[in-house]
Amino acid sequence: MAVMGSMGSMGSMGSMGSMGSMGSMGSMGSMGSMGSMGMSGLGGFAGDTAVFPALVQGLTISMQAVLDHQPTDPGGITARHQLKTGESENLGNYAAWVRASLYITEFMRSFDWQPLDGDMSKGIVLSHGRAAPLACVTLARPDIEVFKAQLRFLRSYRDQRGDRAAEILTQLGLPADYYGALMGLTATRHRHTLELMTITQVIAAHVTMMAKHHLACRRPDSLDPSVMPMIPTPGHNTYPSAHAAEAFAVATVLNGVVGSSKGRAYFPDPKRLQELLLRQAARIAVNRTVAGMHFPVDSWAGAAIGEAVGQIILAMCDKGGAVRSRRYTASGDSDFSLGAWQKDAATHGLAFAAKAAVPVEPSAIFGWLWGKVSAEFAG
């Protein structure tokens, strides 16, 4: 039993001791820190257990001693020993990173993008649906004059860097602790909730990176040297903001958890908690402008993507549903705040199609995870 004396030899379980390292499911924030496939933080990406040379040698010697003179035919193997098949079968037996691969594939096979009006220089249309994808987010590509006008916001936010530095540095990845502090999450009791948060962020990042790539908008510090960002600028484009997309996607999904039947019974004041989760998402988004990373319009576009992604994931988790189609056209005089997002979005260029709804089918894979999350708030 000496080999089992250290949980460290169990790899992924060793990295789940605190919310900070469940934020290792959280070192995924803005694709810059997500590793080669966006899943490096999910415990055991390099392997399900840690492997030590002494253990390999010990097992080899033990095998030779224990199996000496034993028959080679194991016997007793029949068809009943085969695993069951099915979309949600066996998920509980997989490492978290394996399930992450399945979640991403399940979401992305219903996701598509097209140039706006056939011209990517005009913008991008992000769509959902397998047979006939429908637009869920349309982003017009901002003119350079929009970004030029937006530079004044980056200058005005610079004096907040000292006050917000600790937040900015600890929000480089998925800030699981910031949401966890509001919901009372722990890695022991809420590991599936943390898994749902993580995969939501990863998917939002994948979607946003596609928009960033095609819209091809330069970062603030490449337009104005006086921006002088307080942290290194990530190696990808500015519009839309992945941090805003990820933060609002996670907040949207967590709002769905809080607003579910189990959540309403578990949390004493669900509506207040839902508002606080959105305020946290907005704070994370604005912090990127404070740091010199993003224009406010980047956060508007990112939040639009994030909310849509979060709503799609919630629908896939449960019984399906419909997501409103939205379109964002950036304006140089638009700062970003939760109040503007909730009450005055139309005047800042965010419009929802009155009658357009994008249908979303339920998913057995996401449904399995939702069932596990719901069970964590059952008592």
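Which residue just after helix 7 takes a positive phi? I looked this up and found Ala216, with a phi of about 50 degrees.

**Entry 1, ground rules.** I note that this is a predicted model, in which local features need pLDDT of at least 70 and side-chain atom pairs count only at pLDDT 80 or more, while totals for chains, interfaces and linings use all residues. Residues are numbered from 1 along each chain as its sequence is written, and side-chain values use heavy atoms, with hydrogens and water left out.

I find 14 helices and five strands in the protein, taken as DSSP runs numbered from the N terminus (helices H or I, at least four residues; strands E, at least two). Of the 379 residues, 49% are buried, where buried means under 20% relative accessible area, exposed over 50% and partly exposed in between, with a 1.4 Å probe and protein chains only. Among contacts (heavy atoms within 4.5 Å) with a separation of 6 or more, 76% are between residues 24 or more positions apart.

Helix 7 (residues 191-215) has 25 residues and reaches 36 Å from its first C-alpha to its last, close to the 36 Å expected, the expected span being 1.5 Å times one less than the number of residues. I count 20 of its 25 residues as buried, so helix 7 is largely enclosed by the rest of the structure. Helix 7 packs with helix 9 at an angle of about 145 degrees, their axes 8 Å apart; axes are lines fitted to C-alpha atoms, for helices over the stretch in contact, and angles run from 0 to 180 degrees between N-to-C directions. On the helix 7 side the meeting residues include Leu196, Thr200 and Ala204, and on the helix 9 side they include Ala245, Ala249 and Val253.

The axes of helix 9 (residues 242-259) and helix 12 come within 7 Å and cross at roughly 35 degrees. Among the residues that meet are Phe248, Thr252 and Gly256 in helix 9, and Gly302, Gly306 and Gly310 in helix 12.

I took rings of Phe, Tyr and Trp (its six-membered ring) as paired if their centres lie within 6.5 Å, with planes under 30 degrees apart counted as stacked, over 60 as edge-to-face and the rest as tilted. By this rule the count comes to 14 aromatic pairs. Tyr103 and Phe366 have ring centres 5.4 Å apart and planes at 40 degrees, so the pair is tilted. Tyr103 lies in helix 3 (residues 96-108) and Phe366 in helix 14 (residues 364-375), so the pair ties together parts that are 263 residues apart in sequence. Both Tyr103 and Phe366 are buried. The rings of Phe147 and Phe295 have centres 4.9 Å apart and planes at 45 degrees, so this pair is also tilted. Phe147 is in helix 4 (residues 144-157) and Phe295 in the loop between helix 11 (270-290) and helix 12 (296-317), 148 residues apart, and both are buried. I also see a cluster in which ring pairs link Phe248, Trp300, Tyr328, Phe336 and Trp341.

Val137 lies in strand 3 (residues 134-140) and counts as buried at 2% relative accessibility. Leaving aside neighbours within four places in sequence, I find Val137 in contact with residues including Ile124, Leu126, Ile305 and Arg326. Val137 and Glu307 are 170 residues apart in sequence and 9.8 Å apart in space, C-alpha to C-alpha.
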